[in-house]
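Q: Could you walk me through this model, starting with a contact that involves a ring and then moving on to whatever else stands out?

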Amino acid sequence: MFAAGLLSFADIRVARAQSTFGEGAVEFLLPTGARSLGMGQAVAAIATGSDALWWNPALIARGPREVAFHFTKIVTLETDAGGAVVIPVQRVGAFALSVRYLNPGQQEASDDPTAPTGAFSTTTTMLGASFATTFSNRLAAGITYKLLRLDFHCTGNCRKPSQAPQTIALDLGTQYIATTDSLVTFGFALRNAGPKLQVNDSPQADPLPVRADLGVAYAPKLVQLPKEARVRVAADLVARVSGGYSPGYRFGAEFSWMARYHARAGYVIDGPTGSGSTFGLGLSSGKLHIDLARMLVTSGSQAGSPAYLSLRYLF
């Protein structure tokens, strides 16, 4: 199945939280957002703007109004692109719409690899609608309703399902600011909860990759640094909800100067694209925010290290 092949470049071990053994719709697990990736994906408590739609929807409650585009480059995908728009409404909350499109490119169709009978491709489209609101100066909550659809495109003689498989899922998230000066923040998200994905028939339907993310972020005020500097560190614990798998971990840090220039680094242990270090850079120029990131996979990679680009425009 295409979804299983999409993560074949990762070192997927059954004992780990990020293993996709026995699961469908694993495209839900592919990370996006260059700022989040630069911080080692440790953003359950502090993802910024539209990045939060893929990690913890509660975080858009205090975010800006923006439109964003996210791009990922890995060898196993010809196209990985997404976009989002976030609209805060005063005294109500924040609304958002998101879309992501994955295309691995064409492959030969044949029972005999020496005699192809055609060509096919399997594309994935994910749509999301989100809402988040605050309940006090410290507590926020959010929800995302997602639709995943697989489309099979074939030329020549190849087999494909009679109708496009699809499934729905929910993301639920909360954020709690523990201190009045916002030094310590906690976040929790339950992601990808929904019915099984059926590609061929009901007996072969696969459960969704439900994950629980718990994160903490700390923004210390260091007297040793000039007032223009800001430092944030974060850590996440990620657990697969079913199956009794051991957890995975994410760690990240961000250094900002004048809220304009940003440098990020992190480390992922047993993520869906493998384990390894991450780094990223960001530039905030007025309403335009540009972020770049790369993950240096140290285990399980068969396709090189993915690169990420995000463009955000505040309006």
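Q: What lies over the face of phenylalanine 28?
A: Lysine 146 does, at 4.2 Å from the ring centre; a charge counts as sitting over a ring if NZ of Lys or CZ of Arg is within 6 Å of the ring centre and within 35 degrees of the ring normal. This is a predicted model, in which local features need pLDDT of at least 70 and side-chain atom pairs count only at pLDDT 80 or more, while totals for chains, interfaces and linings use all residues. Residues are numbered from 1 along each chain as its sequence is written, and side-chain values use heavy atoms, with hydrogens and water left out.

Q: How many aromatic pairs does a search of the whole structure find?
A: The search finds one, where rings of Phe, Tyr and Trp (its six-membered ring) pair if their centres lie within 6.5 Å, and planes under 30 degrees apart count as stacked, over 60 as edge-to-face and the rest as tilted. The pair is formed by phenylalanine 95 and phenylalanine 131, and it is tilted because the planes stand at 45°, with the ring centres 4.8 Å apart.

Q: Which strands do phenylalanine 95 and phenylalanine 131 lie in?
A: Phenylalanine 95 lies in strand β3 and phenylalanine 131 in strand β5 (residues 118-134), so the pair ties together parts that are 36 residues apart in sequence. Strands (E, at least two residues) and helices (H or I, at least four) are DSSP runs numbered from the N terminus.

Q: And how much relative accessible area does phenylalanine 95 have?
A: Phenylalanine 95 has 38%, which makes it partly exposed, and phenylalanine 131 is also partly exposed, at 29%. Buried means under 20% relative accessible area, exposed over 50%, and partly exposed in between (1.4 Å probe, protein chains only).

Q: Switching to the whole protein, how many helices and strands are there?
A: There are two helices and 15 strands, and 49% of the 315 residues count as buried. Among contacts (heavy atoms within 4.5 Å) with a separation of 6 or more, 55% come from residues 24 or more positions apart.

Q: Which residues touch the most other members of the largest nonpolar core?
A: Ile46, Leu53, Ile60 and Ala234 do, in a core of 25 residues; a nonpolar core is a set of buried Ala, Val, Leu, Ile, Met, Phe, Trp, Tyr and Cys residues joined through side-chain atoms within 4.5 Å. The elements that give two or more residues to this core are α2 (34-38), β2 (79-89) and β3 (93-103). A second, separate core has 13 residues, including Ala25, Leu102, Leu197 and Leu208.

Q: Now arginine 312: buried or exposed?
A: Arginine 312, in strand β15 (residues 307-314), is buried, with a relative accessible area of 6%.

Q: Which side chain does the arginine 312 side chain make a polar contact with?
A: The partner is glutamate 66, at 2.8 Å; a polar contact is a pair of N or O atoms within 3.5 Å, and within protein one must be able to donate a hydrogen and the other to accept it, while residues adjacent in sequence count only if both atoms are side-chain atoms. Not counting residues up to four places away in sequence, arginine 312 touches several others, including Thr48, Pro64, Lys287 and His289.

Q: Leucine 309 is in which strand?
A: Leucine 309 is in strand β15 and is partly exposed, with a relative accessible area of 28%. The C-alpha atoms of leucine 309 and leucine 292, 17 residues apart along the chain, are separated by 4.8 Å.
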